[in-house]
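Dear colleague,

Here is the structure I promised to pass on to you. Please open it first, and then read my notes beside it.

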Amino acid sequence: MTDENIAATHLITVVEGGLRLVFNRFQLSVTAGPDAGREKAFGQELVQVGTARANDFVLTDRTVSRFHLKIDTVGDIITAEDLGSTNGTSIGGVRIRSAYLDGDVLLTLGTTKLRFRPLGDQAMVDLPAKSNLGGLIGGAPRMRQLYGQVTRIAASDLAVIVEGETGTGKDLLARVIHDLSSRAAKPFEVLDCSAIPENLIESELFGHVKGAFTGADRDRAGIFERAQGGTVFLDEIGELDLELQPKLLRVLENREVRRVGDGKVIKVDIRVVAATHRSLRALVNKGSFREDLYYRLAGCRLELPPLRDRPEDIPLLVEHFLDQLSARDPARQVQRPDDETVEMLTRHPWPGNVRQLKNAVERLAVLGEAGLEGDSQAAGSGGVALDDAANSAIAMPLREAKDAFERAYLSALVRRHGTDTERASKAAEVHPKSLLRMLRRHAIDRD
């Protein structure tokens, strides 16, 4: 057998008939605190530690946050990262945000002392021999591992949380889960929680009856009723107002809804897939997302890797997007990039991930250049420069063109007004809360 490191992402082992991911095993042991004596061995990519029952290593220490710490394995490197805990994580008396774990390490979480110890052996996970799954494209180890998880999860009826940066394809992943499930013949309904005004979101979720509020001139079914028997995809669930979260929890627990303005209970049979570019665990720690709702949604957690972590997939994605463009307009002469151009695309960091790559490839095919020169201005926002977004809009579907323009517009707005939300919202002629929701949706930092 031969060990290889693919794109510095994961160790894999070549075995007869396929590939396997390799993880160095380690043990976590509580040496001091209320849980002293508790220990567990792991051989997996991600291990979460905290008091919430959704963690891999659950503690009872009240000075430990609900989602306190995560331990990541990337190749031969294992890191510990604090998840925004209240009391922090320390090594040797020094509070850390992220640190490499090399050899025996004693971590302090609140009053708990947690020992990390390598076990000196390895765990292996079989990788499916696939370079795509439905609309998801990529043969990198992390994608192939994801395909295996999705195939197993889709066969169940568990709620799913999909996490990943803007543009990684969370909507595609939700659709794949639906298409592979027993609900595939039923509706697939989508609601972007960050794009609906606060005064309409409850109606969009649960529906309303005529006269329930000003403008309600007829009865209307909400997304759960419309998806009867199928799947509801709640995009950017982290933006859902805290006051509405208990109502969503009741739908998930009781499988019933009440339309706004109506006391009648309507039974629903749905599966929920939720997505966010933010860390729901961090939001739970801050108190802005309900822990009980998180549990209900997180029957399974899936994470889409950013494109920079799987550059070997870029040539495959380029070909896929060019084929899509040719299929949409067979009469158009699509320009295929040469090897040097593909290599340039492979080296690019792609802050906007797969969505940005698709836009660049379509621009390249139509105009002969990818329009990446303006990326340095908008790299922190995950978008393209304002003029690039406008010039390349004709190469995109309308929804993506609107998204690219909005992201570029907001980036320019923040560069002009900085942290002055009031002035920026007046310039954009939107409510300050709506502006903040849009900035969060596009992961645009105002600092």
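In the protein chain, confidence (pLDDT, the predictor's score for each residue, from 0 to 100) is lowest in strand S1 (residues 2-6), at a mean of 35, and highest in strand S12 (residues 105-109), at 97; helices (H or I, at least four residues) and strands (E, at least two) are DSSP runs, numbered from the N terminus. This is a predicted model, in which local features need pLDDT of at least 70 and side-chain atom pairs count only at pLDDT 80 or more, while totals for chains, interfaces and linings use all residues. Residues are numbered from 1 along each chain as its sequence is written, and side-chain values use heavy atoms, with hydrogens and water left out.

The mean pLDDT of the protein chain is 84, and 89% of its residues reach 70 or more. Where pLDDT is low, the predicted coordinates should not be read in detail.

Strand S16 (residues 160-163) is covered on both faces, with Val160 and Val162 buried on one side and Ile161 and Glu163 buried on the other, where buried means under 20% relative accessible area with a 1.4 Å probe, counting protein chains only. S16 runs parallel to strand S23 (residues 271-276), to which four bridges join it, and in S23 the bridge partner of Glu163 is Thr276. Four bridges also pair S16 in the parallel sense with strand S24 (residues 300-303), where Leu302 is the bridge partner of Val162; strands count as paired if DSSP finds at least two bridges between them.

With best wishes

Note on methods. Buried < 20%, exposed > 50% of the residue type's maximum accessible area, 1.4 Å probe, protein only.
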